[in-house]
Amino acid sequence: MVSAHSLATSIRSATENETFDLGGQNLSTITTIITAAFKEPFPLSATDDDDGMIRITFVTGAGKQARSKYDDGAAKAVTSTLEGFGYVEDR
């Protein structure tokens, strides 16, 4: 299992679209990771090729074979923590 600090650092270091797996993390750790990663704006700048935006995707659940790897409230923990920083869910 990856430590909370290491995962938050990896998220903050992202410069392109990335996916992060939150399997094996409990709700408290997920909240800590999201808080550490998103409490400050990302240091991204626009270039000729993009608009300075990236997509960060979190895996918060799985199918029948791997379901036990994820806390039932993982998605809610990510969403509510991000909403607390003013992020809006993009549906």
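Which residues does Thr81 touch, not counting residues up to four places away in sequence? I started my notebook with that one.

**Ground rules.** I am working on a predicted model, where local features need pLDDT of at least 70 and side-chain atom pairs count only at pLDDT 80 or more, while totals for chains, interfaces and linings use all residues. I number residues from 1 along each chain as its sequence is written, and my side-chain values use heavy atoms, with hydrogens and water left out.

**Entry 1: Thr81.** I found Thr81 in helix α3. Helices here are DSSP runs of H or I with at least four residues, strands are runs of E with at least two, and both are numbered from the N terminus. Thr81 touches Thr31, Ile34 and Thr35 once residues up to four places away in sequence are set aside. I take contact to mean heavy atoms within 4.5 Å. With a relative accessibility of 11%, Thr81 counts as buried. My cut-offs are under 20% relative accessible area for buried, over 50% for exposed, and partly exposed in between, using a 1.4 Å probe and protein chains only.

**Entry 2: the rest of α3.** I listed the buried residues of this helix and got Ala74, Ala77, Val78, Thr81 and Leu82. They sit on the same side of α3, because they cover an arc of only 120° around the axis. The arc is taken from the directions that run from the helix axis to the C-beta atoms. Lys76 and Gly84, on the other side of α3, are exposed. I then checked what the buried residues pack against, and that is α2 (27–38) and β2. Just after α3, I noted Gly86 with a positive phi of about 95°.

**Entry 3: α2 on α3.** I get a packing angle of about 35° for α2 and α3, with their axes 9 Å apart. The axes are lines fitted to C-alpha atoms, for helices over the stretch in contact, and angles run from 0 to 180 degrees between N-to-C directions. The crossing of α2 past α3 is right-handed. From α2, I see Leu27, Ile30, Thr31, Ile34, Thr35 and Phe38 meeting Ala74, Ala77, Val78, Thr81 and Leu82 of α3. By class, this contact has eight nonpolar, three polar and no charged residues. Nonpolar covers Ala, Val, Leu, Ile, Met, Phe, Trp, Tyr, Cys and Pro, charged covers Asp, Glu, Lys and Arg, and the others, Gly among them, are polar.

**Entry 4: α1 on α2.** I looked at helix α1 (residues 4–12) next; its axis and that of α2 come within 8 Å and cross at roughly 35°. This crossing is right-handed. Ala4, Leu7, Ala8, Ile11 and Arg12 in α1 meet Thr29, Ile33, Ala36, Ala37 and Phe38 in α2. I sorted the residues of this contact into eight nonpolar, one polar and one charged.

**Entry 5: the salt bridge.** How many salt bridges does the structure hold? I count one. The term means a side-chain nitrogen of Lys or Arg within 4 Å of a carboxyl oxygen of Asp or Glu. The partners are Asp21 and Lys69, whose closest N and O atoms are 3.3 Å apart. The pair links distant parts of the chain, 48 residues apart: Asp21 lies in strand β1 (residues 18–21), Lys69 in the loop between β2 (56–59) and α3 (74–84). Asp21 is partly exposed at a relative accessible area of 35%, and Lys69 is partly exposed at 41% relative accessibility.

**Entry 6: Lys69 again.** Leaving aside neighbours within four places in sequence, I find Lys69 in contact with Asp21, Gly23 and Gly24. I also checked Ile54, 15 residues from Lys69 along the chain, and their C-alpha atoms are separated by 27 Å.

Conventions:
A crossing is left-handed if the near helix is turned anticlockwise from the far one by less than a right angle, and right-handed if clockwise.
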